[in-house]
Amino acid sequence: MVVCVHIPRFELEVAAASSRLGRRMLAGQALAVAPHAGAGRSQTGGTAPAGGGRVGEVSGAAEARGVARGMALGEALARCPDLVLLTGDPVRVAEVWEAALGALEGIGAAVEPARPGLAYFEADSLRAVHGTQQATIAAARRAVRSAAQLAVGGASPWRVRIGAAPTRFCALAAAVAVRSPRALVLSGGEASRWLAARPIGLLGFQEDTAALIEPLTRLGVRTLGELARLGRAALCDRFGAAGALAHDLARGEDRPLRTRQAQERLRESMEVGDASSGEALGRVLGVLVSRLLARSERRGRTLRAATLSARLLAGGGWRERVVFRQALADAERIWLALSVRLRSLPAPAATLELAVERFGPPLGEQEALFEEPSPHRTHPSVAVHGRARAHSGARAAARAARLREAVAQVRAVAGQDAALRAVCVDPDSRVPERRVVLAPVPER
Amino acid sequence: MTRALNIPRPARVRCGDGDGVPVRVNGEAVGWLCESWLVEDRWWTGEPLRRRYWELVGERGRNVIVYRDLCSGRWFLQGA
């Protein structure tokens, strides 16, 4: 039995909590998450939002006025002139959701996170831990609510909707349909019959099938039962692989869960002060990379994926996930890969954070026993210059290796803070203590 | 693990009569006033920064930079 945990309007709830809006206001007012931080109209009034963009999650009142998630900002404001835009906070959303997933893993569940506010886990394997299925669901509800409340720091309860069914998609449909704090549990045959009456809007929860909703609606298909009756071949012919997937989902068939592997997360953050954008922010990023690589918990492992996030001066946050083409442990190459992403920062940053999302294998230290000769034949005069250059390069490499070894030995004897270097973070700052910081010397 | 260099340290400063010009820093008389400048920063945040800096030479010939935090009224030594 798959259990789906759904927190409706999760991003909006977090944005409202960040802007200290009461739950009552969230329920009664037309709210939407602004297209991007820094450009939106705040809840206290102010200037009209600049530029285009599409609104994020919207409140029930906004939905009733015709505003929908993903709608162009201009259209949303035309439909609902008193729409209040909240600054989106993807960093906070990720933190709160990570806390909720951690709480679910804390009750023993192997979790598949779909998106913030939506996760699945297999309940049968937890029966030995919690006794019954109902007890498992109750434990999951308690864990998610307490984690989310702790992370947000509010006393008001979050609406946690839970559905349980034989497959992933059926469980999702049950969690979306349920309107009370009690979980909706569907058994095998009952689940597929029940699913047939559900609207095709549920396909929007899957990235691959979301684009099908609009053409299917135009064709007059309203429910998943009507979609299933169209036939797999016809849907494949019209929509390709997405059509076949939609047909499977409409019949209640779905893939098995892909649970995430719980692993440690290393993170480093820094208040950027005046270095809130541009080249100076790049130097702050360099310091964060050095600090992260110097952490002893890394145990020589390379970095496979990292998350770069920032809290913005104007409020809200920004977050980018970076997967490296190959596992890296070289500070310069990591910096090069990450610094490109800083260009998409929507507004000046107040703090910058770098977290390792996935580690790669440990970096091998083995070097060639003999220096390999160049395979290319060159003219004798060029060869003399080439040999001189190769010789000086080898000396520099040997010096760097000795320095690395010395740094490692000093750290082993006197601790991590023993070998530091001065890094110019913001050399043009008018405040002297913000110009230079001491950061760890990279070992590699 | 990372720390800023040149962190300001509290200083005992005595000023002249009413003009706010330092005449004694940490017990040492000021021999020569070189320069003074004002730094106003982060006024757009909830923690604005307002400092009046003084670069001076003590009677023992030491170059010293002190500033008065105009928000709290306290004196700090930053660079000697």
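Start where the two chains meet: select strand S13 (residues 436–440) of chain A together with S1(B), which run antiparallel and are joined by two bridges. Strands here are DSSP runs (E, at least two residues), helices are DSSP runs too (H or I, at least four residues), and both are numbered from the N terminus. Two strands count as paired if DSSP finds at least two bridges between them. To land on one of the bridges, pick Leu438(A), whose partner in S1(B) is Arg3(B).

Before going further, a word on what you're looking at. This is a predicted model, where local features need pLDDT of at least 70 and side-chain atom pairs count only at pLDDT 80 or more, while totals for chains, interfaces and linings use all residues. Residues are numbered from 1 along each chain as its sequence is written, and chains are lettered from A and ligands numbered from 1 in the order in which they are written.

Now widen the selection to the whole contact between the chains. 13 residues of chain B are in contact with 17 residues of chain A, contact being C-beta atoms, placed from the backbone, within 7 Å. On the chain B side, strand S1 (3–4) and strand S5 (28–41) each supply at least two residues. Colour that side of chain B by type and you get seven nonpolar, four polar and two charged residues. The classes go like this: Ala, Val, Leu, Ile, Met, Phe, Trp, Tyr, Cys and Pro are nonpolar, Asp, Glu, Lys and Arg are charged, and the others, Gly among them, are polar.

Stay with chain B and show it as a cartoon. You'll find zero helices and eight strands. Seven strands make an open sheet in the order S2-S8-S7-S6-S5-S4-S3 of chain B, with antiparallel pairing. Strand S2 (9–10) and strand S3 (13–15) of chain B stand at the edges with a single partner strand each, so one side of each has no neighbour in the sheet. Inside the sheet, follow S5(B) along strand S6 (residues 49–58) of chain B: ten bridges join them, running antiparallel. Colour by burial and 15% of the 80 residues of chain B come up as buried. That means 20 or more other C-beta atoms within 10 Å of the residue's own, with 12 or fewer counting as exposed, anything in between as partly exposed, and C-beta atoms placed from the backbone.

Over to chain A, and its five-strand open sheet: S4-S5-S1-S6-S7, with mixed pairing. The edges are strand S4 (111–115) and S7 of chain A, each pairing on one side only. Zoom in on strand S6 (residues 161–165) of chain A, where five of five residues are buried. Side chains in a regular strand alternate between the two faces of the sheet. In S6(A), Arg161(A), Gly163(A) and Ala165(A) sit on one side, Ile162(A) and Ala164(A) on the other, and all are buried.

Which strands flank S6(A)? Strand S1 (residues 2–6) of chain A pairs with S6(A) in the antiparallel sense over five bridges, and strand S7 (residues 184–185) of chain A pairs with S6(A) in the parallel sense over two.

Next, the largest nonpolar core, which has 83 residues; Val3(A), Leu104(A), Ala164(A) and Ala171(A) touch the most other members. A core here is a set of buried Ala, Val, Leu, Ile, Met, Phe, Trp, Tyr and Cys residues joined through C-beta atoms within 7 Å. Helix H8(A) gives the largest share of this core, eight residues. Centre on Val3(A) and its contacts beyond four places in sequence include Tyr120(A), Phe121(A), Ile162(A), Ala164(A) and Ala171(A). Apart from this core lies another, of 30 residues, among them Trp318(A) and Val356(A).

Last stop: two arginines with positive phi. Arg9(A) has phi near 50° and sits in the loop between S1 and helix H1 (10–18) of chain A. Arg299(A) has a positive phi of about 50°, in the loop between helix H14 (278–294) and strand S9 (301–312) of chain A. Which is buried and which is exposed? Arg9(A) is buried, with 21 other C-beta atoms within 10 Å, whereas Arg299(A), with 8 inside 10 Å, counts as exposed.

Methods:
Two residues are in contact if their C-beta atoms, placed from the backbone, lie within 7 Å.
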